[in-house]
Amino acid sequence: MELTKKGHACVALHRDGRTLVIDPGGFSEADAAVGADAILVTHEHPDHFDEGRLRAALEADPAAQIWTLRSVAERLSAAFPGRVHTVGDGDAFTAAGFEVEVHGELHAVIHPDIPRVTNVGYLVDGGGDGGGDGGGDGGGTVFHPGDALTVPGRPVDTLLLPVHAPWSRVAEVVDYVREVGPRVAYDVHDGLLSDFGHLVYGRLLGPNGPGTGGAEHVRLEPGQSVTLGKG
């Protein structure tokens, strides 16, 4: 399985000629979702959900489908009947040949005065062993938590790590990696960081930082790809 980093919180997973895109929002490329066989959206905030990007993808490929929570599905289901699927915590489904589990219910707290919206994370099975040793050729499991520090409660090989957000502190980010215990953590949700910010987070999450429990930390530039499951 191959992972391609898109802008901010968006990634694309490729396997066997099929593509799964997660969170093509307003901070990602305008065509981030075009060409996807399946699209997953974690929640309704515009840096994760851009209606125009999703409509463009569905119009470009009549077979493309979306899995998301109710607040997003309600915006699209009438225009694309049968192609927008509503999911929630505990659900499992197959999208474009990828096995997907849904974990989590709520967005992290931004401020007590701001109501929390629904947020789900997606655990995608890449066909590997899914464990922390990263031995599977298929890439193991990949977890995208959206805007929450959800622990899926089962082994994760590749964690898509929201490194910077209005709702997080770096101490929480470090402890989250330790608790999930992936083989490798790739940065997502980094669109608000300057070049200096990337350097600071890289140091804190790298070997000279407080420690991530043995997980490797990697930052990909938008457009850069990596084959998962290759330690």
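This predicted model holds 1 cavity of 30 Å³ or more. The largest cavity has a volume of about 40 Å³.

Which residues line the largest cavity? They are His45, His107, Ala108, Val109, Ile110, His111, Ile114, Pro115, Arg116 and Val117. By class, that lining has 6 nonpolar, 3 polar and 1 charged residues.

Now turn to strand E11, residues 158–162. Is E11 largely enclosed or open, and why? Buried means under 20% relative accessible area. By that cut-off, 5 of the 5 residues of E11 are buried, so the strand is largely enclosed by the rest of the structure.

In a regular strand the side chains alternate between the two faces of the sheet. Both faces of E11 are covered. Thr158, Leu160 and Pro162 are buried on one side. Leu159 and Leu161 are buried on the other.

| Strand pair | Sense | Bridges |
|---|---|---|
| E10 (residues 141–144) and E11 | parallel | 2 bridges |
| E11 and E12 (residues 184–188) | parallel | 5 bridges |

Individual residues show these links. Val142 has Thr158 of E11 as its bridge partner. Leu161 has Asp187 of E12 as its bridge partner.

Finally, a helix joins the picture. E11, helix H3 (residues 170–180) and E12 make a right-handed β-α-β unit.

Notes: Residues numbered from 1 in each chain as written. Predicted model: local features only at pLDDT ≥ 70, side-chain atom pairs only at ≥ 80, totals over all residues. Heavy atoms only, no water. Buried < 20%, exposed > 50% of the residue type's maximum accessible area, 1.4 Å probe, protein only. Helix = DSSP H or I, 4+ residues; strand = E, 2+ residues; numbered from the N terminus. Pairing = 2+ DSSP bridges. Right-handed = clockwise from strand over helix to strand, strands pointing away. 1 Å grid on protein atoms, 1.4 Å probe; cavity = no way out; pocket = protein on both sides within 12 Å on 5 of 7 lines; lining within 4 Å. Points joined across faces, edges and corners; volume = space filled by probe spheres on them. Nonpolar A, V, L, I, M, F, W, Y, C, P; charged D, E, K, R; others polar.
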